[in-house]
Each structure stands twice: as structure tokens, then as C-alpha cells.
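Thank you all for coming. I would like to walk you through one structure this morning, slowly enough that anyone who has not seen it before can follow along on the screen.

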Amino acid sequence: MLFNSFEFLVFFPTVVGLYFLLPYRFRWLLLLIASYTFYMFWRVDYAIILVISTLIDYTCGRMMDRYSEEERARRKPWLWLSLVSNLGILFTFKYYNFFNGAASDLANLLGVSYAAPAFELLLPMGISFYTFQTMSYSIDVYYGRIKAEKHLGIFALFVTFFPQLVAGPIERAGNLLGQLKQKHDFDYDRVTSGLRLMAWGLFKKVVVADRLAIMVNQVYNNPTNYEGIPLIIATVFFAFQIYCDFSGYSDMAIGAARVMGFNLMENFRRPYFSKSIKEFWGRWHISLSTWFRDYLYIPLGGNRVVKWRWYYNIFIVFLVSGFWHGANWTFLVWGALHGFYQVFGEVTKRKRDNLASQIGLKKWGSLYSFIQIGSTFVLVCLAWVFFRANTIGDAWYITTNIFMGFTESLSTITSSSVAFKYYILLGKAKEVFVLALLFIAVLIIIDSIQERYRIKSLIVSYPSLLRLSLYSFLIITIILYGNFSNTEFIYFQF
Amino acid sequence: MKRFVIKIVGVIALSIALYAIVLFLYTLLGFNRWLPNARNTTGRGYYTYSRLQELQTIKNIDILFIGSSHMYRGVDTRVFEKSNISTFNLGTSGQTPYNTYYLLKEHLDRIRPKTIVMDVYLEGMDSDGMGASIEIVSNHELTDNMLEMVNKKLNFETANSLLSIYISRFHTPLSEVIEVKPTNDYYIPGGYIETNKLKNELTEKQLKNLKSHSIAINDLQKTYLNKVVELCNESNVRLILIVPPLTKEFKNNISNYEAFINNLQILLHEKGVLLIDYNNREELILNTFEDFLDANHLNPIGALKFSYLLKNDLSELGINNHIQTK
């Protein structure tokens, strides 16, 4: 089931209504049934993977808990069982065909015969999210950071909690498990705050992301038809599309959970205001970044190692992060690029600081910030080319042609009698292009306000009628401008 | 809880009022193109209004051409007129079998053509036909058939569009609509659209880089194609399906073109309907740059070549003989 579907419009109020009506002791059961129903709207048979994953991790957790901290070695086989089974599921469904294809290509190259069958398996929705969530649980139990959950039902709910099941935020057991056992009463402020966040997330998804997708898909599905300006426009549009798509989903997930009294972790903090790539990763998909920090970067030694090893650790984490996103070379290059940015950023940090001081840039605070934000955005966009392109070949074409053909593009624009005409290059109607720019502007303005103030406090301080009008305006905008035909969330494929 | 319910009711009431005001103003000011979910195209588009207005005057013709833009850009009815064959071209943008069925259901009894020539709009066979539905309903009287066509897939887009169409009818009766004429394109009585663009708009590079894709027919379109066949059978009208010419570059990029056409041919043959593919006719020599407007639409020169061949084919098939070819 998708958050932006009619089914969810019926499902969610029903679940919330029943949730607050039911006695506390039955609520976990309601949410568990609701979560499985939510998932099974997509595929019924794939719910079995959720059951298997839940049972294995529950058993492993309980077995590890039988041994004290001093007997950690005896916990290890159970940790391995959990990790191997989770990664095994992930490998089978997500990565097998990729490795199989790569092996076949390599064999062809070497002139060796290789014939392993390819699986025709549909990638289970949200598999990377829930397997990472359960793996973090097992690791935390192993290190004694949390106690294993005894209640199988509550644990199953932790794995499948519907607001964040298919696209995160990837929750930690330490944050969510405890909340699942708490009693949450109806709280007006909390419920309205959750609904507000859901509406804002829906706006970002169906109005901004899905409108931008029309033009992005046009160019990225046929990139060789374009060069120069349209490639730049489509790439910048994709930067906003993916931000609104994914952060919109996260807002809806956090909002839906908040309505029922659960606090999920923040997943996005206006990432395009970052002044460096390092800062970007502190603001983008925070639940995944912190997961990799806690469960990969730090175990690798983090920054408490010699410099070259530190750089290696950073690079490896981003490479794995790229691979987490998808079994495709494009994602690997995207991850590698971000790893390179980070390492290069660390290596040159002092020199860049000195240069900025010497030319007096630091005295011009706003200009300096603008340059930092702008250059970070450009680097992020360059990497997005690899993330969005269908193949490495397409990505290579775009990166090598993005700064070409300006003369041709400009002559197309100047030969037209229309005054504001970049849309001509994208082959779309003026209105589609202008609306896309308008919605991006609205997003930037709202994000700028949020960067400085707590927008929630601002809205709450407004007179009641103005506040209600604002909500109505948001609803009307969604109804009149939302694109409901392009329903998939980009991150569902991960 | 009481406070929450009051606020929710307030937001809903305010939203309904605001929605009505916005839709009313946008429709009356003709700003619908700025409302992507309220696509009221009354008096706009490629002469759908003119065509549907003229349709009201059409009766007892020899051939009715029906289908997508490939029909109204590809079949020049003047070619048939010269041979004293009465025709009408009821092509509308993006028309699929789903839309064709409702148009025929509405008008077939009155038009009473001897033969219907319907195009297979390859790119629309896997769609829900809603874009075309809105375009047709925007320029048509709101009859039961037309409303049924839109209401079968009621969502925000169709509901908003329908409401906007009602508002515009309330403001301006359909007969008084002043059509916005597209530049470079001219409506020829009989339904054909002639353009003054005589060279292909796409560059050689763009044509070379067309993305390979496959085509399919979904259950909805298959069902309605069958319904069109049944409707023609019931009305004792001969139905012929055609695949209008495409540029070779476009056709070559459809990975399953031959298989799709073969399967469709088998399906239609079982129902006694003839399918003619004009992309496999050696006598029709078309040049991508001289005879086409883009990747798959003919320009007037190409349309003339195609229309003459089509006329000859239909003459050979005996267009005045309205007995079903089984």
C-alpha cells in the first residue's frame, strides 16, 4: 500500500480510530495486523520473508540474551546466524543476479564458459530497510546495548511497523521497541502535528517530486537526445525530485507514527543547505548514515586509525552505501563519488580554509556560505547523474555532454517567439515547466524558514482561522496539482 | 477529541469552499492549463471541438475514420471526396479503443457509416485512455455515454476535470464556445488536420537515438476492442483496423512490433475483422524527413500518399458493400 493511495486514505483513519478505541493490551496486535495488511497489499506471498526474518532475529536475540556480557563469545554464533540469514535474504533477492551477471561478463572477457541460472525474483519492497533494522537489533543485543525483546508480538511489530516498514526511517531497537510497549493516549497537539507533517510530506511527494518526474523521466529515459541545458535542468530537477520523494515519504512515515504517539527519528534536515559533503551526509537519510557510522565505520576503526586507513574507512563506507541502494554499477559509482568527495574534502580542508582566509572570503560570511552551499549542491548533482541514469553508459553520456551544445540550445530558445522558453528544450508544455519551478521555489522558501525558525511554532502562533486556511490551501494544492498517476516512491526499490 | 473533530470539520468545510472558488475562477478565466488535475480542454486541443461540432451534422456516410491523431493527421478526407466517397474523420488525440467504443455507442446509430476504419494506436493500447476521455468530454455534450466514459475511472484528475467542464458549460453553452486555433494547423471540414510544417521536427540525431521499447495491449483495451467489434456487428457495419505508417526509425525501435501485430491479427481474424498494416506495404514509399511531422505522424505530403493508397485498398475491398467480411 502506498501513502499516496486511496487505500491508505481509508486504511490509516480506520487503524488510528481503532487504535485509540481499543484497550491498551490489544493495540500491539492491531498494529501488527495492520502492518502485515499494509505490506500484503503489495504482495501476499512476500510477507513470508518478513515472518522468517522476524523469527530468526527473535530467536537469535533471545539466545544471545541467555549469556552474560562475559560470555560474549557464546553469543557470537547467534549473531552470525542473524547476520548471515539477513544478508543471505538480501543477497538472494537483491544482489544475486548482479553478481551472476558480473561473473558472466568476466567469464566472457576471459573466454571461460560460465552458466549459472539467473533468478526471476521480484525484489521484496523495502527489503534493505527492514533487514538493516533487524540486523542492528541483533548487533545491539550482542554488544549488550539493549536487552532482547521477550514478547514475540512486540518484536514482530518492531520489524514490520507499517509507517516505516518499506522506506524507513531505519529505526533502532533502543528507540522504537520501548515505545511499542508504552500506552499512548489521544493528544490533540501531537495528532495535529502528525497530520500536518503527513500533509506536508504528501505535498512534497505528489506535487513537487511527481511533477518534476515528468521532465526528469523525459530526459533520463532518452538522454542521448539531449545535450547541455536540458541535461542540466533535468539533473537539478532530479535533485529536488529525489529529495521531495524520499523526505516526503519520511515525513509521512514520521507523521503517521506521531499521530499514534510514536516518535520516529528525523531522516532529513534540509540537506541542500549543507556547506560540505560531510555536512550533507549529516542531513540526508540520517537513519542510514548513522547506521553505517555505528555498524560499519566505527567497527572498521573510524577516525582512530592512521590517516590512510581513515580515508579507506570513509571510502569503503560510501561504496557499501552505494551498493545498499541498488545492485547496479551506477549506484556503486554514485557511492564511490561520495566517498571520493569526502576523502578529498578531508585532505584539502586546511588548504581550502587557508585559501578562503587569504582572499578574504571569510570576511564575507554570506557570500562564503553561498559559495559553499552552491559548490556542495553542484557536487551532489553530479553524483545524482549516476544515481538516476539507467545505465553507466547513459551516465557517462550525460556527464560528458552536460556542458556541451549550449550554442544549439540557445539558438533554439532565441529562435522561438516565446519569452520564457527553457521548457522548449525539454519538449514539455510551458505550464509544466513553470509549475515545476514554482513548486521548487515554494520548497526552498519553506526550507529556508525552517532552517532559521521552528515552523511548527510559527504556525501554531497564527490565529485559528489563518491556520485552518493554510491547511485547506495545502489540501487544495495537493488535490489540484498532485500527480497521482506516478505513484511509486523511488526508495521503495531499495 | 471534541476539539479535534471540530477542527477537522472546519478544515474540510473550508477546503470545499476554497476548492469551489479556485476551480470556478480558473475555469471562468480559462486558466485550466495551469491546473494539471483539472484538464478542461473545451475549445482547445487539435480542433476536437470543431470536429465534434461537425459530427452532429454527419449522417449516412460511406466511411467513418476513427482513432487517434494518426487518423486526423494521416487520412485526408478530400482524397475520398474527389471519388465521391462520403467520409468523416473522427480521430481525436490519444484516442484508444476504450474511447472509440463510447464515441461509437453515442453516434453510430445516427451516422450509420457503411464502413468504419479504426486505427491501432500502438502507444495507447496499454493506457487507460483517460487523457483522451477528458479531451472528448470537454468538447462534447455531457451525455450518459460520455459521463460513463469518464466515471469508469474516477480519481482526483477526472473528478476535478469533470467539475471544471460542468462549470464551463454553466458559463458558456457548448454551441457558443470560441475555439482556440493551434498555430500551423488548420481544420479541414471532414475532420482532417492539415499542418504547414512540411519538414520533420526531429533531427537525424533525435531519430537515431529513439529509445527501444515494447508495446502491449492491456485487458481494458482488449475488452473495449472486442466491444467495438460487437457494436459494429450489431449495427451491421464493416470494421477494418489499420496500423498507420510510422517512420522506420520509430518502428524499428519497437522491439516486439511484428509479434504484436501478428497476435493482434490472429485475435481480429477470429472475429472476422481485417487488420491492414501500412508499415509493411512496399508500394507506400515514405521518407522520414519529407513525409513525416515527427517520429510517427504524417505531414500533408505523407498523408496524401497514404490516403490514396488507403482509398485504393478500401475500393478493392468494396467499401459500398456493407456485408461483413467473415
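Let me begin with a question: leaving aside its neighbours within four places in sequence, which residues is A:Tyr272 in contact with? Please keep in mind, as we look, that this is a predicted model. Once those sequence neighbours are left aside, A:Tyr272 touches A:Ala239, A:Phe240, A:Ile242 and A:Tyr243, and it is also in contact with A:Phe280, A:Trp284, A:Ile373, A:Phe377, A:Val380 and A:Trp384.

That residue leads us to the core. The largest nonpolar core has 151 residues, and A:Tyr272 is among the members that touch the most others, together with A:Phe161, A:Phe162, A:Met260 and A:Trp384. Helix α9 of chain A, residues 229–259, contributes the largest share of this core, namely 19 residues. Both domain 1 (6–183) and domain 2 (190–493) of chain A give at least three residues each to this core. Apart from it there is another core, with 57 residues, including B:Tyr101, B:Val137, B:Leu210 and B:Leu268. As background, nonpolar side chains tend to be buried together in soluble globular proteins.

Now to the two domains themselves. The C-alpha centres of domain 1 and domain 2 of chain A are 27 Å apart, and the contact involves 38 residues of domain 1 of chain A and 36 residues of domain 2 of chain A. Between them, these two domains of chain A bury about 3100 Å², with 70% of that area on carbon and sulfur atoms. On the side of domain 1 of chain A, A:Phe98, A:Pro169 and A:Arg172 account for 19% of the area buried against domain 2 of chain A, which is more than any other three residues supply.

As for polar features, the interface of domain 1 and domain 2 of chain A has 1 salt bridge by the rule applied, while 13 residue pairs across that interface are in polar contact. Of the elements on the domain 1 side that touches domain 2 of chain A, α5(A) gives the most, with 7 residues.

I will finish with A:Ser193, which belongs to helix α8 of chain A, residues 188–220. Is A:Ser193 buried or exposed? Its relative accessible area is 4%, so A:Ser193 counts as buried, the cut-off being under 20%. Beyond its neighbours within four places in sequence, A:Ser193 is in contact with A:Arg258 and A:Lys456.

Definitions and conventions: Residues are numbered from 1 along each chain as its sequence is written. Chains are lettered from A and ligands numbered from 1 in the order in which they are written. This is a predicted model: local features need pLDDT of at least 70, side-chain atom pairs count only at pLDDT 80 or more; totals for chains, interfaces and linings use all residues. Side-chain values use heavy atoms; hydrogens and water are left out. Helices (H or I, at least four residues) and strands (E, at least two) are DSSP runs, numbered from the N terminus. Buried means under 20% relative accessible area, exposed over 50%, partly exposed in between (1.4 Å probe, protein chains only). Contact means heavy atoms within 4.5 Å. A nonpolar core is a set of buried Ala, Val, Leu, Ile, Met, Phe, Trp, Tyr and Cys residues joined through side-chain atoms within 4.5 Å. Domain bounds come from an automatic or database domain assignment. Buried area is the accessible area (1.4 Å probe) that two parts lose on being put together, summed over both. A salt bridge is a side-chain nitrogen of Lys or Arg within 4 Å of a carboxyl oxygen of Asp or Glu. A polar contact is a pair of N or O atoms within 3.5 Å; within protein, one must be able to donate a hydrogen and the other to accept it, and residues adjacent in sequence count only if both atoms are side-chain atoms.
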